[in-house]
Amino acid sequence: LDAHNRDILEVLLKEKAFQATDFQWQSKLRPSFRSDVGKGVTHIVSNAKFRICDAEFDYGFEYLGNGPRLVVTPLTDRIYVTATQA
């Protein structure tokens, strides 16, 4: 995945995708993690989400496969976009 991340950065820079609203940025699978520790709650509340284009999915700690063995290509990126927009 390190090579894929490097390639994504090269594309973002080449396409001058500097805004969060740019399609080149929006079309990438973006994980985020939020935690409500210390905000008046009596227990730790946290959630993880994955975003791509205008879709947002909660991550419920499902098995996502063997990530280190996954080969990510530009086709994989297009499939993520197509599957989430279907």
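## About the model

Because the model is predicted, local features need pLDDT of at least 70 and side-chain atom pairs count only at pLDDT 80 or more, while totals for chains, interfaces and linings use all residues. Residues are numbered from 1 along each chain as its sequence is written, and side-chain values use heavy atoms, with hydrogens and water left out.

## Overall fold

Let's start with the layout. The chain has three helices and three strands, arranged along the sequence as α-α-β-β-β-α. Here helices (H or I, at least four residues) and strands (E, at least two) are DSSP runs, numbered from the N terminus.

Of the 86 residues, 22% are buried, meaning under 20% relative accessible area with a 1.4 Å probe, protein chains only. The chain exposes about 6900 Å², with carbon and sulfur atoms supplying 59% of that area (Shrake-Rupley method, 1.4 Å probe). Among contacts (heavy atoms within 4.5 Å) with a separation of 6 or more, 34% link residues 24 or more positions apart.

Two strands count as paired if DSSP finds at least two bridges between them.

Some bridge partners are handy landmarks. In E3, aspartate 58 is the partner of lysine 49, and glutamate 56 that of arginine 51. Two residues separate the strands in the hairpin of E2 and E3, where cysteine 53 takes a positive phi near 50°.

## A closer look at serine 32

Serine 32 sits in strand E1 (residues 30-35). Setting aside neighbours within four places in sequence, serine 32 is in contact with Asn47, Ala48, Lys49 and Arg51.

With arginine 51, the side chains make a polar contact at 2.6 Å. Such a contact is a pair of N or O atoms within 3.5 Å; within protein, one must be able to donate a hydrogen and the other to accept it, and residues adjacent in sequence count only if both atoms are side-chain atoms.

## The second largest pocket

This pocket has a volume of about 250 Å³, taken as the space filled by probe spheres set on the grid points. A pocket is an open set of points on a 1 Å grid where a 1.4 Å probe fits, with protein on both sides within 12 Å along at least five of seven lines; lining residues have an atom within 4 Å of a point.

Of its 14 lining residues, Val11, Gln24, Lys28, Pro74 and Asp77 are the closest to the centre. Helices H1 (2-14), H2 (23-26) and H3 (74-85) are the elements that each give two or more residues to the lining.

How values were computed:
Buried means under 20% relative accessible area, exposed over 50%, partly exposed in between (1.4 Å probe, protein chains only).
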